[in-house]
Amino acid sequence: MECKVSWLGADGMAFSAETGSGHLVNMDGAPEAGGRNLAPRPMELLLAGAGGCSAFDVVLILQRSRQAVSGCNVNLKAERATEDPKVFTKINLHFQVKGKELDPAKVERAVKLSHEKYCSATTMLAKTAELSYSVEIIAE
């Protein structure tokens with residue numbers, strides 16, 4: 001896996017990342033750090049990546065379990081260390097899984113498998129952060 005990050009100029013703290021798959025993602029710093037708030041912060045993208053990785057797992061596991069899943073949202077709340085490096089210290093992932101006649105045990109299993117086995121992003125973040133999750137099933 002590869003990624004190229006380029007500073008977008010001397011008048012701020014904006015950067016553009018080109019991923020190995022050819023996609024672009026912009027990042028910017030907070031105004032108090034010299035940014036102009038034109039794009040997400042790098043740490044926000046890290047948190048979003050963890051949510052996307054875990055949601056991907058949950059949907060895939062539920063589909064393979066023949067569950068009629070029609071939606072999956074993950075609301076993440078994180079706390080960071082107060083001293084540099086300001087790593088994540090706590091992360092909660094709240095899964096909202098929507099579908100028709102979803103089996104609660106299968107939904108819980110899918111989230112647990114992602115959390116404990118499959119999600120590379122949350123596994124890495126668990127090295128510094130206490131991870132927790134909760135599940136909400138929304139019936140159609």
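By class, the lining of the largest pocket comprises ten nonpolar, five polar and one charged residues, where Ala, Val, Leu, Ile, Met, Phe, Trp, Tyr, Cys and Pro count as nonpolar, Asp, Glu, Lys and Arg as charged, and the others, Gly among them, as polar. The model is a predicted one, in which local features need pLDDT of at least 70 and side-chain atom pairs count only at pLDDT 80 or more, while totals for chains, interfaces and linings use all residues. Residues are numbered from 1 along each chain as its sequence is written, and side-chain values use heavy atoms, with hydrogens and water left out.

The largest pocket holds about 500 Å³ of space. Pockets were located on a 1 Å grid over the protein atoms alone, as open sets of points where a 1.4 Å probe fits, with protein on both sides within 12 Å along at least five of seven lines; lining residues have an atom within 4 Å of a point. Grid points are joined across faces, edges and corners, and a volume is the space filled by probe spheres set on the points. Of the 16 residues that line the largest pocket, Met1, Leu46, Gly49, Ala121 and Met124 are the closest to its centre. Helix H1 (42–64) and helix H3 (120–125) each supply at least two residues of this lining, and the largest share, six residues, comes from H1.

The second largest pocket holds about 160 Å³ of space. Its lining consists of Met13, Phe15, Asp28, Gly29, Ala30, Ala33, Arg41 and Pro42, which by class gives five nonpolar, one polar and two charged residues.

Over its whole length the protein has three helices and six strands, taken as DSSP runs numbered from the N terminus (helices H or I, at least four residues; strands E, at least two). From the N terminus on, the order of elements is β-β-β-α-β-β-α-α-β. The C-alpha trace spans about 55 × 35 × 25 Å along its principal axes. Of the 140 residues, 29% count as buried (under 20% relative accessible area, with exposed over 50% and partly exposed in between; 1.4 Å probe, protein chains only). Among contacts (heavy atoms within 4.5 Å) between residues at least 6 apart in sequence, 49% join residues at least 24 apart.

An open sheet of three strands has the order E1-E2-E3 with antiparallel pairing, where two strands pair if DSSP finds at least two bridges between them. Strand E1 (3–7) and strand E3 (24–27) are the edge strands, each with a single partner, so one side of each has no neighbour in the sheet. Direction ignored, neighbouring strands of this sheet are turned by 20 degrees against each other on average, with axes fitted as lines to C-alpha atoms. E1 and strand E2 (residues 15–19) run antiparallel and are joined by five bridges. Lys4 stands opposite Glu18 in E2.

Two residues were examined individually. Thr122, in helix H3, counts as buried at 4% relative accessibility. Residues up to four places away in sequence aside, Thr122 touches Ala50, Leu93, Ser114, His115 and Leu131. Glu79, in strand E4 (residues 68–80), counts as partly exposed at 44% relative accessibility. Beyond its neighbours within four places in sequence, Glu79 is in contact with Val87, Phe88, Thr89 and Lys90. Glu79 and Thr89 are ten residues apart in sequence, and their C-alpha atoms are 5.6 Å apart in space.

Conventions:
Axes are lines fitted to C-alpha atoms, for helices over the stretch in contact, and angles run from 0 to 180 degrees between N-to-C directions.
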